[in-house]
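Try each task before reading its solution.

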Amino acid sequence: RPSDDAAVVAATPPRGWPELAMRLPFTMSLRAEGVLLECIASKARGASWIIELPGAHQLGAAIESAASSDAASLARRLLLGSGRGRVYVDWPYADVAVATSLATAAGRWWADRRGQLQECDIHPGEWRQLQDELRLNTLHHRALDTGRVALVVYVRPLAGYSIGRDGSLQQRWADTPLPVPAQLVLPEWHLEALPPRSGGLSGLARLQPSRR
């Protein structure tokens, strides 16, 4: 801005609005990646700012080993734990969703209707195709570089709200689960572990309606 402009005063978030804190490490670089400009149905010809999330995520570093025991343990905590699969997805983790299954090179895990953890193998070719598609789609459509995708979480995004018989506000989830790289998934237990913030807001978890 011109030097004679008055300094910009940071605005206070409106009451009930989330206080965004970038708690996960990331970097940015200016480079040509052919980012899609969907609003004009074209590709960026020059360089674009790319947010880089180099393989890091908040679902546990042990999963990088791709050992089936590590993945099963994570699936049990994520899908059957107290949060019952509740996660926050997409940068900067402002969209709520429900995780239904997860996949690594070692296999795929999900919870059945009885609340039991089930698993199956995944073909190496299918896994490599899923990795490449997610990484490239996220880079070209979202300008997000996730790095190596070692863990994929299938989630049902929030589709809207409805009014229950008792008058309460209830969340409706999408019917079809979507695959999301773990780098774009923030589990609810991560927010629950954060210290309370001044002003009574501790993050997005405080702003979500009942889980009914």
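This is a predicted model: local features need pLDDT of at least 70, side-chain atom pairs count only at pLDDT 80 or more; totals for chains, interfaces and linings use all residues.

**Exercise 1. Work out the order of the strands in the open sheet, and find which strands are at its edges.**

Solution. 
- Step 1: Take the strands in order. The sheet has 3 strands, arranged β1-β4-β9.
- Step 2: Check the pairing. The pairing is mixed.
- Step 3: Find the edges. β1 (27-31) and β9 (144-145) each pair on one side only, and they are the edge strands.
- Step 4: Look at one pair. β4 covers residues 48-52, runs parallel to β9 and is joined to β9 by 2 bridges.
- Step 5: Name a bridge. Ile51 has Leu144 in β9 as its bridge partner.

**Exercise 2. Which residues make the nonpolar surface patch of about 420 Å²?**

Solution. 
- Step 1: List the members. Phe26, Met28, Leu30 and Trp49 make the patch.
- Step 2: Leu30 lies in strand β1.
- Step 3: β1 is one of the edge strands.

**Exercise 3. Is Gln183 buried or exposed, and which backbone oxygens lie by polar atoms of its side chain?**

Solution. 
- Step 1: Locate the residue. Gln183 lies in the loop between β12 (178-181) and β13 (185-187).
- Step 2: Apply the cut-off. Buried means under 20% relative accessible area. Gln183 has 2% relative accessibility, so Gln183 counts as buried.
- Step 3: Find the oxygens. The backbone oxygen of Thr146 is 2.8 Å from a polar atom of the Gln183 side chain. For the backbone oxygen of Arg148, the distance to a polar atom of that side chain is 2.9 Å.

Technical notes. Residues are numbered from 1 along each chain as its sequence is written. Side-chain values use heavy atoms; hydrogens and water are left out. Two strands pair if DSSP finds at least two bridges between them. Helices (H or I, at least four residues) and strands (E, at least two) are DSSP runs, numbered from the N terminus. Patches are made of residues with over 30% relative accessible area and no salt bridge: like charges are joined within 9 Å, nonpolar side chains (Val, Leu, Ile, Met, Phe, Trp, Tyr) within 5 Å. Accessible areas come from the Shrake-Rupley method with a 1.4 Å probe; for residues, only the protein chains shown count as cover. A salt bridge is a side-chain nitrogen of Lys or Arg within 4 Å of a carboxyl oxygen of Asp or Glu. Buried means under 20% relative accessible area, exposed over 50%, partly exposed in between (1.4 Å probe, protein chains only). A polar contact is a pair of N or O atoms within 3.5 Å; within protein, one must be able to donate a hydrogen and the other to accept it, and residues adjacent in sequence count only if both atoms are side-chain atoms.
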